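The entries below follow the order in which I went.

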Amino acid sequence: MKAPYAGVRVLDLTQLEQGPSGTQVLADFGADVIKIERPGTGEIGRRMKPAEAGGYSSFWAANNRNKRSLSLDLKSPEGRRVFTELVKTADVVAANFRPGVMERLGFGYEDLAAINPRIILALASGYGQDGPYRDRRGQDLAAQALGGIMALTGDADGPPRPVGTYVVDYIAAMHFAQAIMAALAAREQNGVGQLVDVCLLNAAVAMHLQEGSAYLNDPVPVPRPRPNLAHSRNTALYGTYETSDGRAIVIIADIFIDEPWQRVCRALEIGDEIARDPRFATIEDLERHRDESAAVLREAFARFSRADAEARLLKEDVLCAPVQAYDEVFTDPQVLFNGMVVETEIEGVGKRRIVGQPVRLAGTPADSARLAPPRVGQHNEEILAELGLSEVEIGEVRAAGAIGDENERRSRGEGDAW
């Protein structure tokens, strides 16, 4: 079967994570994603550390597999002409510049629709294309702060804390991919394209839609949880505990099962007197005695290794999971079985492992290694030839400075343009 987005062409002007991770989803499922980059330097995400010899960045590559690169100067007349010809062949133009930049380049939605009425202009930003924050610079940490993620993260007695990765960038990128897919589906219904608007702030707010919806109807602030607890609305049976080997384990035991306290007590050899203590008899009792019950569990978990505690809890059918160190994540048997570690060959760099595509389709699976992340301008000549330009014409476009000369320099042994 054909890949779901085979035949769909995306002109990708995005950079860093919010945009590129979103367009990569379509690329993994077969779309022809042409990465439009500045000649010579490429997009700014290519300079993200850590970088290997030659300038190859794993951070950048993680968001840009299965794409082709065209180094094109959109401010030059010839570069604009090339881009206009590409728009005629495209389904989507994606960008995450600050609001107004596409209009200033002469490629706002109305401009693009005049060239190709079926075009979808997908814009990702910090705060949206309009509104009081429209012209502010956006970034993941700012969205975590403004959008409530930090207010919910950390211990009750400590300061607000951010999540340990660029979580809003990633969630907004998935919204970006979802929105583009929805716009493509809508075009199948009505035959025309439209403007897509996705932002980091909305993604951050949507992440706590359950807490937010409850607050909007009963405006009681959601406090950060007490130590050991993972959520302020749960009990000591929903949290993180250190084990005797200095590791940690999480339990999720106050939902889904009957007699949760008694099961955990049996698993951890907590005496019958505590197991039947009326302070801990029901979930409501555990909510009233969070600190006392957490102290009991801290002492109990400290007697067992992480592996022993996990085995004991699983025997009692208590939902739990080891808190894995970062190196353990990428050797975990289920992570490997799920195809979340993929090996690919990158010309001039060698074999590298990347994080795979998380979505699995039985009939039309994603291909996480169809195309290696491209060098700057790697596909210049190939893409222009597809537009019908001859070798002579391509040389003229290059001589005019509209596209980069990265491939020529590479052929002369002047290094890869990563």
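**Entry 1: the second largest pocket**

I noted that the second largest pocket holds about 430 Å³ of space. I worked with a predicted model, in which local features need pLDDT of at least 70, side-chain atom pairs count only at pLDDT 80 or more, and totals for chains, interfaces and linings use all residues. Residues are numbered from 1 along each chain as its sequence is written, and side-chain values use heavy atoms, with hydrogens and water left out.

I looked up the lining next: it has 18 residues, and Arg38, Leu74, Lys75, Phe97 and Leu105 are the closest to the centre of this pocket. I recorded that β2 and α4 (101-104) each supply at least two of the lining residues. By class I found 9 nonpolar, 3 polar and 6 charged residues.

For these terms I used a 1 Å grid over the protein atoms alone: a pocket is an open set of points with protein on both sides within 12 Å along at least five of seven lines, a cavity is a set where a 1.4 Å probe fits but cannot get out, and lining residues have an atom within 4 Å of a point. Helices (H or I, at least four residues) and strands (E, at least two) are DSSP runs, numbered from the N terminus.

**Entry 2: the largest pocket**

I read a volume of about 1600 Å³ for the largest pocket. Its lining has 50 residues, and Glu17, Ser21, Asn63, Tyr166 and Asp169 lie nearest its centre. The elements giving two or more residues are α1, α2 (58-61), α8, α16 (326-329) and β11. Which element gives the most to this lining? I found that α1 does, with 5 residues. The classes came to 23 nonpolar, 16 polar and 11 charged.

**Entry 3: the cavity**

I found 1 cavity of 30 Å³ or more, and the volume of the largest cavity is about 40 Å³. Its lining includes Phe97, Leu123 and Gln129. The element α4 gives the most here, with 3 residues.

**Entry 4: the parallel sheet**

I traced an open sheet of 6 strands with parallel pairing, in the order β3-β2-β1-β4-β5-β6. Strands β3 (67-71) and β6 (195-199) are at the edges with a single partner each, so one side of each has no neighbour in the sheet. From one strand to the next, the twist averages 20 degrees. Two strands pair if DSSP finds at least two bridges between them.

I checked β1 (residues 9-12) against β4 (residues 92-95) and counted 3 bridges in the parallel sense. Leu11 has Val93 of β4 as its bridge partner. Helix α1 (residues 18-28) packs on the sheet, and its direction makes about 130 degrees with that of β3. Helix α8 (residues 167-190) lies across β4, β5 and β6, at about 165 degrees to β6. Axes are lines fitted to C-alpha atoms, for helices over the stretch in contact (heavy atoms within 4.5 Å), and angles run from 0 to 180 degrees between N-to-C directions.

**Entry 5: the hairpin**

I turned to β10 (residues 341-346) and β11 (residues 350-355), which pair in the antiparallel sense over 6 bridges. Ile346 stands opposite Gly350 in β11. The hairpin has 3 residues between its strands, and Gly348 takes a positive phi near 85 degrees.

Methods. Points joined across faces, edges and corners; volume = space filled by probe spheres on them. Nonpolar A, V, L, I, M, F, W, Y, C, P; charged D, E, K, R; others polar.
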